[in-house]
Amino acid sequence: MSNFKQWATQPPLGWNSWDCFGAAVTEEQIRENADYMAKYLKPYGWEYIVCDIQWYEPKAYSNDYNNFAELCMDEYGRLMPAVNRFPSAADGRGFTALAEYVHSLGLKFGIHIMRGVPRQAVAQNCPVYGVDATCREIAHHFSVCSWNTDMYGVKNCDAAQQYYHSIINMYAEWGVDFIKCDDICVTEFRRWDNPYSADYEIEMLRKAIDACGREIVLSLSPGPALRDKAEHLCQNANMWRLTGDFWDKWDKLLDMFDKCKLWEGVTAEGNFPDCDMLPIGRIAKNSTYYGPNNRMSQFTVPEHYTLMTLWGIFRSPLMIGGNLPENDDFTLSLLTNSEYMQMNQHSSNAREFSRDGDKVIWVSDGENCRYAALFNTGDTECEITLPLDGARTIYDIWAKKEIGEVTDLTVPVAPHGAKLYKIQ
């Protein structure tokens, strides 16, 4: 019986290369971000360094994909890191050296993968490692991704399961601790009009990870995940996306209130609905996705507090999207708030307490305390009242100060802003 839920008892905390480097991230950039995390963030619980998509494509240059690009691959149709971008992968070593470096800092290493088998491996009719079958035989020729041309989905058969075993065993040998699998939580190319058509591939991944001998956290993308598939997701994955790609735009942040309400009550040990990455700090260094190239996050200061507060009290996994070495003091302060991290990692029973127009209150339970998040989603400042059952000591988490003992709390909240309190 799988014990995978024990591998992520709290929401995973880390950094992912997508928001800042897109498909073009390099080994040097991964190492620089790992160095920063180890120095500044590790004491607060941050631990995963995740290399996102297209690490196997030599000519990747931005957040866009090169259609039908030539990919780096071994003789068994398994994708390998592009040596021009990841020099330590030379001579078939894969990510072994990079994972060892990340581990040497006391951190964990993760990679992004696409579901299925490379189309290139199908065209070359590569053998599947460990079984008398070929990649062409396991490919499902019309199970394709709508936004990336690299892969075919696979058939529901033993040889396809063996292919998944072969890649996961290789990743385990490299030292991978976290896998973000894409085009699987929702298959946007809807076979038979079924956006959850890859359910059996999710199960194949689960089976392969359980058998590989290494504890590997499994994250599923993209969203929006289907709420009626929550039980299946909880049985097979540690985290899954509630939206498509989340960027630094207010409308996307506003929409997340509805997504969190929809998934209220599902979070449990080892299972974490995922609000997606934190597009804060220096992002879009190789693109103009949703704003200027090479920008600091477009979220206002109040919107930063709303982003962090909602993700935190909901207990979403936290994956930083900005290039860490370029963090400003404000961004760093958001990531190194001990009371906030305690809430995200150890609270329970997060729920929407009330929603009255632009005034939204979420609460959750801590050890001998309660947490309350007050949000103003409107365009003008407003006062929000937090109901208290008698005199309580209030600590303002973002201001890092105790308000004292009060019987009534009414506070002004900036437009698009949030307040976050610990109540005892």
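The largest nonpolar core has 134 residues, of which Trp55, Tyr171, Trp240, Trp311 and Trp362 touch the most other members. A nonpolar core is here a set of buried Ala, Val, Leu, Ile, Met, Phe, Trp, Tyr and Cys residues joined through side-chain atoms within 4.5 Å, and buried means under 20% relative accessible area, against over 50% for exposed and in between for partly exposed (1.4 Å probe, protein chains only). The model is predicted: local features need pLDDT of at least 70, side-chain atom pairs count only at pLDDT 80 or more, and totals for chains, interfaces and linings use all residues. Residues are numbered from 1 along each chain as its sequence is written, and side-chain values use heavy atoms, with hydrogens and water left out.

- Another core, of 15 residues, lies apart from the largest one, and its members include Val363, Ala372, Leu374 and Val411.

**The open sheet**

- Eight strands form an open sheet with parallel pairing, in the order E10-E9-E8-E7-E3-E2-E1-E13; two strands pair if DSSP finds at least two bridges between them.
- Strand E10 (272–274) and strand E13 (318–320) are the edges of this sheet; each has a single partner strand, so one side of each is left without a neighbour in the sheet.
- From one strand to the next, the twist averages 25°, with axes taken as lines fitted to C-alpha atoms (for helices over the stretch in contact) and angles running from 0 to 180 degrees between N-to-C directions.
- Within the sheet, E7 and strand E8 (residues 217–220) are joined in the parallel sense by four bridges, and Lys180 stands opposite Ser219 in E8.

- Strand E16 (residues 369–376) is mostly covered, with eight of its eight residues buried.
- One side of E16 carries Cys369, Tyr371, Ala373 and Phe375, and the other carries Arg370, Ala372, Leu374 and Asn376; both faces are covered.
- Strand E15 (residues 359–366) runs antiparallel to E16 and is joined to it by eight bridges, and Gly366 has Cys369 in E16 as its bridge partner.
- The two strands E15 and E16 form a hairpin with two residues between them, and Asn368 in the turn has a positive phi of about 60°.
- Strand E21 (residues 418–423) is also antiparallel to E16, through six bridges, and Ala373 stands opposite Leu420 in E21.

**Cavities**

- The model has three cavities of 30 Å³ or more. On a 1 Å grid over the protein atoms alone, a cavity is a set of points where a 1.4 Å probe fits but cannot get out, and lining residues have an atom within 4 Å of a point. Grid points are joined across faces, edges and corners, and a volume is the space filled by probe spheres set on the points.
- The largest cavity has a volume of about 110 Å³. Among the 13 residues that line it, Lys180, Met239, Asp274, Met277 and Met319 are the closest to its centre.
- Strand E7 (178–182) and strand E9 (239–241) each supply at least two residues of the lining of the largest cavity.
- By class, this lining consists of six nonpolar, three polar and four charged residues. Ala, Val, Leu, Ile, Met, Phe, Trp, Tyr, Cys and Pro count as nonpolar, Asp, Glu, Lys and Arg as charged, and the others, Gly among them, as polar.
- The second largest cavity has a volume of about 80 Å³, and its lining residues include Tyr56, Arg78, Met151 and Tyr171.
- H6 gives the most to the lining of the second largest cavity, with three residues. The lining of this second cavity divides into eight nonpolar residues, one polar and one charged.

**Backbone features in loops**

- Ser221 and Pro222 are joined by a cis peptide bond with omega of about -15°, and Pro222 lies in the loop between E8 and helix H8 (230–236).
- A cis peptide bond also joins Gly223 and Pro224, with omega of about 0°; Pro224 is placed in the loop between E8 and H8.
- Asp276 is not a glycine but has a positive phi of about 85°. This residue, Asp276, lies in the loop between E10 and strand E11 (282–283) and is buried, with a relative accessible area of 6%.
- Arg315, another residue other than glycine, has a positive phi near 70°. Arg315 is in the loop between helix H10 (301–314) and E13 and is buried, with a relative accessible area of 10%.

Key. On a 1 Å grid over the protein atoms alone, a cavity is a set of points where a 1.4 Å probe fits but cannot get out, and a pocket is an open set with protein on both sides within 12 Å along at least five of seven lines; lining residues have an atom within 4 Å of a point.
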